[in-house]
Amino acid sequence: MWKFRDVISILDFNREDLEHLFSMTDRILERLFDVGSLLDGKIVATAFIEPSTRTRLSFETAAKRLGAEVINLEPHISSMAKGESLTDTLRMLDDYADLIVIRSPYEGSAKHAADVCEHPVINGGDGTQHHPTQAMIDLYTVRRLKGRIDGLEFGVVGDLKYGRAAASFLYGLTRFNVKRIWLISPEPLSPRPELMDRLKSLGVDIMKTENLEEAVEGVDILYVTRIQKERFPDPAEYEKVRGSYVITRKIISRAREGLKVLHPLPRVDELSHDVDDTPYQAYFIQAKFGVPVRMALISLILGAF
Ligand code: NCD
C-alpha cells in the first residue's frame, strides 16, 4: 500500500492510506515496537533549496531515530552554487541514498524529482500548493486531539492562495467527511480556482468570509497560516494584505470550548503569543508530531513495516 511510493501530493493518498499511516504513528508513539534499528543501513537524503526548520530537521530526526543515516544537500556550498542543475544534483543523490526528501520554491519540483530518481521521493513542500507531509501531520494532530476528523467544523485562516500548507490541509480534509469548512482570508488571498472546485465538487459545506469573528464561534479547529510574503509576484500586492488578521486570545475567547488552534509554523505576526499558554494552543503539539508521523511515513515507504 505504501511501499516505495513517491509522496508528491496529499491527493495521491486515499482515506485508507492515511488511516494506516495514522495507526502506525500511534504505534510508534506508544512504543509498541522497538524502532531504533528498523532502518539500519539505509541512507536518507534531504535536498532543500528553500529555507526550512521543522520539515528538514524533523525528517532528519525521524530518519535517525529509525537508525538510518542522513545526508543533506547544502545548496550554497554544493556544485549548484557553480551552476549545476537541480536535475543533475538529484541524479547524484539518487545514486547515494535510498530515499530523497526535496523542498523547493518551484511548482512541480517534487514530481520532476520523482521522474528523475529511481528511489522514492518525498515532497517537503514545492511551490504554493503542495506540502503533503505537513497535511499528514495536521490531520494526525486533529485526529489525536479530537479523536476524529469526520463531523468537525474547520476554519482555515490566512494566505489560502500562496500557502501550500493551507492548500494541502484543505485538500487533505476532502478525504474525510467534515461538517463545514470556513475559508477566512482577505479576498486577494482566496484559494485558487482548482482548490475551490475540488472543495465544492465534494459537496463539503463551504463558508467564505473575511470576518474572523464570525467564523470563530462555531469551529472546532482553527488552522492559522502566515502570509507568504516571499511568494507574491508584486510587493505592492503584499503591502495591501499585510497584517490583515491577527489571532489573539481575546478573539478566540468567544470560541466554543475545546477549540484547538493549529499553525504549521513559522508564525510572524498573525498569531499572538498570548495564545501560547491557553488550552486552545495546539501548534507546538502539531510540530512535535512531525517526528513520529515522518517516522511512520519513512518506515512504510522503505518497507520496514
Ligand atoms: C510551511 C511551509 O514551508 O510551507 N512551513 C512548514 O513546513 N511547517 C509554512 C510557511 O512557511 O508559512
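Is Asn123 buried or exposed?

## Asn123

Asn123 is buried, with a relative accessible area of 0%; buried means under 20% relative accessible area and exposed over 50%, with partly exposed in between (1.4 Å probe, protein chains only). The model is a predicted one, in which local features need pLDDT of at least 70 and side-chain atom pairs count only at pLDDT 80 or more, while totals for chains, interfaces and linings use all residues. Residues are numbered from 1 along each chain as its sequence is written, and side-chain values use heavy atoms, leaving out hydrogens and water.

Asn123 belongs to strand β4, residues 121-126. Strands (E, at least two residues) and helices (H or I, at least four) are DSSP runs, numbered from the N terminus.

## Contacts of Asn123

The Asn123 side chain reaches the backbone nitrogen of Gly125 at 2.8 Å. Contact means heavy atoms within 4.5 Å. Neighbours within four places in sequence aside, the contacts of Asn123 include Val7, Ile8, His130 and Pro132.

## Nonpolar cores

A nonpolar core is a set of buried Ala, Val, Leu, Ile, Met, Phe, Trp, Tyr and Cys residues joined through side-chain atoms within 4.5 Å. The largest has 63 residues, and Met136, Ile181 and Ile298 have the most contacts inside it. Helix α11 (residues 283-301) gives the largest share of this core, nine residues.

Leaving aside neighbours within four places in sequence, Ile181 is in contact with residues including Phe154, Leu170 and Met207. Apart from this core lies another, of 27 residues, among them Val216 and Phe232.

Notes
Polar contact = N/O pair within 3.5 Å; in protein donor to acceptor, adjacent residues only side chain to side chain.
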